[in-house]
Amino acid sequence: MRTGGYRINLPIVFLYVVIIGITVIMLLPFAWMLSASLKLSRDVFVFPIEWIPSEPR
Amino acid sequence: MSTSHAVAAAGEAATAAAPRRRSKVLTRRQRKRREALVAYSFIAPNFVGFAVFTLGPVVFAFALAFMHWDGSNAITFAGLDNFWRLFEDKAFITAFWNTIIYTAVSVPATLVCALGLAVLLNSKIAGRNFFRTAMFFPYVASLVAVAVVWNMMFNPEMGPVNMLLYTLGLDPKNMPGWAADRHWAMITVILFGVWKSMGYYMVIYLAGLQGINSELYEAAGLDGANAWQKFVHVTLPQLAPTTFFVTVMLTIQSFKVFDQIYMITQGGPGTSTLVLVYHIYNEAFISWDLGYSSMIALVLFVLVLAVTILQFRRQRED
């Protein structure tokens, strides 16, 4: 399949989606830790998660 | 290599520095003995440390398994008392089976995840090194720090994981209780273990994958094999030595599991995640029954030894 001069290879796209998905899962706890470290304790469990705290502490 | 050079150099130096009266040629045996002495002196610093801090305590623990000791009063001989006590100790039997369950689930799970990751990240994709580093990251992170974060994320009432499940439409009544629920606690601990250590075994598998001769894939391709057939009939057999190593390492590691259980569930709720090493810790440093805890340690040692010997036997048969 050709679109705009690029050849889109479905298996490769799928591979990237899977790998990026796994990477996100692997790194999510670290991102959450970083985000939580900048919040007051009462704001840590606020949902939905405020990934970048509006008032970093 | 370098050691033998060093030994030879030291031998020459000793010969050169020897006083005149010894100018006569040394007999073969004398020279051999001198060489051996030099070699032992090189080993000594390492061996003394090992003997004092590892071998000594291990031997002491084995002896202690047949004694009564509370850590402060005199040690008394117990014979097989501690051994018979094992069979009446319900907590020990629970811990034994929990250890088996933990190992039986976490070893295959980690193995499959590590192999899958290695195969995925062995393909030529952009940013491959970044992804590999990301997978390895949990392994190098401090276990205690990471376990605290897991505890908060998997908090059953307000943790982000259950919040996510809630927004996905899961009924709050059927929400997994993770570390606080006796049916989910073991799963939580196993999930953590797999997440933490699969990156390390992925690296070992990557090394194994890189050692496979690409001609084998070409030959399989000429024979008309598809990707899955190549994986089953080329990759897997070629990786057999790696898989053996990973299995042995993982098995030993899971029999010894302690720190993540201490951090996440403390053996609870009830005794649902009580494993052997945690029971050893309880008996030794909570109840101060060092003799009995040494006996449990001895059982664990025999268990790990037996399983490892079995694995080596099976490897040799293949």
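Helices here are DSSP runs of H or I with at least four residues, numbered from the N terminus.

**View 1. Trp288(B) sits in the loop between α13 (276-286) and α14 (290-317) of chain B.** Keep in mind that this is a predicted model. Most residues other than glycine have a negative phi. Trp288(B), though not a glycine, has a positive phi of about 50°. Is Trp288(B) buried or exposed? Trp288(B) counts as exposed because it has 12 C-beta neighbours inside 10 Å, and the cut-off for exposed is 12 or fewer.

**View 2. Trp178(B) is in the loop between α7 (160-167) and α8 (185-210) of chain B.** Here is another non-glycine residue with a positive phi, near 45° for Trp178(B).

**View 3. Chain B meets chain A through 15 residues of its own and 14 residues from chain A.** On the chain B side, α5 (128-140), α6 (143-153) and α7 each supply at least two of the touching residues. Which helix gives the most to that side? That would be α5(B), with 5 residues. Sorted by class, the side of chain B that touches chain A has 14 nonpolar residues, 1 polar and no charged ones.

**View 4. Chain B comes with a mean pLDDT of 87.** Of the residues in chain B, 92% reach 70 or more. For the complex, the predictor gives an ipTM of 0.76 and a pTM of 0.80.

Technical notes:
Residues numbered from 1 in each chain as written. Chains lettered and ligands numbered in written order. Predicted model: local features only at pLDDT ≥ 70, side-chain atom pairs only at ≥ 80, totals over all residues. Buried ≥ 20, exposed ≤ 12 C-beta atoms within 10 Å, placed from the backbone. pLDDT = per-residue confidence, 0-100. Contact = placed C-beta atoms within 7 Å. Nonpolar A, V, L, I, M, F, W, Y, C, P; charged D, E, K, R; others polar.
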